[in-house]
Amino acid sequence: MSPALRKLTLAGHIAISVGWVGAVAAYIALDVTAHTSRDLQTLRGAYLGMDLIVRWVIVPLAVAALLTGVVVALSTAWGLFRHWWVVISLVLSVAATLVLLLETRTIADLAAIAADPQASLDDLADLPSTLAHSVGGALILLLVLTLNVYKPRGLTPYGWRKSMERRTSPEP
Amino acid sequence: MRPPPTPPWVKALALIGIALLIVFLVAALLGAEHGPGRHMPGGAWVPGGVALPAGMT
């Protein structure tokens with residue numbers, strides 16, 4: 001990959017990943033509102049907004065962040081399995097995306113109930129919160145972000161083997 | 001030459017991850033429902049969600 005294309009991919013990955021964190025923050029604001037409000041219209045709007053944000057912003061950003069992250073890792077010397085911080089970032093991102101995809105269906109159900117004109121304030125107020133998942137997801141994303149900024153030292157056994165091979169191989 | 005030891009911060013994160021996984025598995029074994037529809041009465045969930053506003057297709 002050319003340096004210009006690599007930089008473009010990195011810029012895209014950063015924008016998408018930060019956008020993912022921002023979208024989760026917006027989702028949490030609606031989630032807190034859904035958890036605390038006792039106004040029917042506010043509750044209805046919060047659940048409908050949560051569903052739209054998840055389906056049209058968070059899920060696409062999560063998938064795109066994962067894909068661009070893999071491309072960035074493979075196109076640089078960091079690699080995908082050479083450094084512990086990259087491996088852990090990958091595992092956490094995959095886990096967060098899988099939980100998100102499962103949660104998407106639950107949120108769609110909550111929104112469907114909220115969209116029902118027959119649903120009363122008590123019906124919506126009794127819907128359980130998804131706050132634990134959204135806050136947990138945000139913490140995971142912040143941990144990944146921290147790992148990506150600090151890049152703590154530590155080669156995996158595979159990365160160590162590759163670095164040894166590079167040192168012992170003759171110069172071209 | 002030997003490969004370098006696994007850094008302490010990796011071990012700490014792995015322990016936290018394994019602990020969370022065990023908690024999740026124990027909860028699942030004890031019958032706690034954790035998945036789509038767990039919030040719905042009777043575990044039923046309706047696929048599809050809500051319709052998008054006009055223009056968002």
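Predicted model: local features only at pLDDT ≥ 70, side-chain atom pairs only at ≥ 80, totals over all residues.

Biologist: What makes the pair A:R55 and A:D51 a salt bridge?

Modeller: The cut-off is 4 Å between a side-chain nitrogen of Lys or Arg and a carboxyl oxygen of Asp or Glu. For A:R55 and A:D51 the N to O distance is 3.0 Å, so the pair qualifies. Both residues lie in helix α2 of chain A, 4 residues apart, which is about one turn of the helix.

Biologist: Are A:R55 and A:D51 buried, partly exposed or exposed?

Modeller: Buried means under 20% relative accessible area, exposed means over 50%, and partly exposed is in between. A:D51 has 0%, so A:D51 is buried. A:R55 has 26%, so A:R55 is partly exposed.

Biologist: Why is the contact of A:E165 with A:K162 called a salt bridge?

Modeller: The closest N and O atoms of A:E165 and A:K162 are 3.7 Å apart, and the limit is 4 Å, so this pair is a salt bridge. The two residues are 3 residues apart in helix α6 of chain A, so about one helical turn separates them. A:E165 is partly exposed because its relative accessibility is 43%. A:K162, at 27%, is partly exposed for the corresponding reason.

Biologist: Why can such side chains pair?

Modeller: Side chains of opposite charge can pair when their charged atoms come close.

Biologist: Which residues form the negative surface patch, and what makes it negative?

Modeller: The patch is formed by A:D116, A:D122, A:D123 and A:D126. One of its members, A:D122, is in helix α4 of chain A, residues 121-125. A patch residue needs over 30% relative accessible area. A:D122 has 55%, so A:D122 passes that limit and also counts as exposed.

Biologist: Which residues make the nonpolar surface patch?

Modeller: A:V135, A:L139, A:L142, A:L145, A:V149 and A:Y150 make a nonpolar patch of about 600 Å². Among them, A:V149 lies in helix α5 of chain A. A:V149 counts as exposed because its relative accessibility is 58%, where exposed means over 50%.

Biologist: How do you know that A:H83 is buried?

Modeller: A:H83 has 17% relative accessibility, and the limit for buried is under 20%, so A:H83 is buried. The residue is found in the loop between α2 (40-74) and α3 (84-115) of chain A. Apart from neighbours within four places in sequence, A:H83 is in contact with A:A77, A:W78, A:G154, A:L155 and A:T156. A:H83 and A:G154 are 71 residues apart in sequence, with 5.9 Å between their C-alpha atoms.

Biologist: Why is A:S75 called buried?

Modeller: A:S75 has a relative accessible area of 16%, which is under 20%, so the label is buried. A:S75 is found in the loop between α2 and α3 of chain A. Its contacts, leaving aside neighbours within four places in sequence, are A:M1 and A:R6.

Biologist: Is A:A119 buried or exposed?

Modeller: At 7% relative accessibility, A:A119 counts as buried. A:A119 lies in the loop between α3 and α4 of chain A. Leaving aside neighbours within four places in sequence, A:A119 is in contact with A:L40, A:R44, A:I113 and A:L124. The C-alpha atoms of A:A119 and A:V135 are 27 Å apart, and the two residues are 16 residues apart along the chain.

Biologist: What is the phi of A:K151?

Modeller: A:K151 has a positive phi of about 45° and is not a glycine. Most residues other than glycine have a negative phi. A:K151 is in the loop between α5 (131-150) and α6 (157-168) of chain A. With 33% relative accessibility, A:K151 counts as partly exposed.

How values were computed
Residues numbered from 1 in each chain as written. Chains lettered and ligands numbered in written order. Heavy atoms only, no water. Patch = residues over 30% accessible without salt bridge, like charges linked within 9 Å, V, L, I, M, F, W, Y side chains within 5 Å. Areas by Shrake-Rupley, 256 points an atom, 1.4 Å probe, with all protein chains shown as cover. Lys, Arg positive; Asp, Glu negative; His and termini not counted. Charge placed at Lys NZ, Arg CZ, Asp CG, Glu CD. Buried < 20%, exposed > 50% of the residue type's maximum accessible area, 1.4 Å probe, protein only. Contact = heavy atoms within 4.5 Å.
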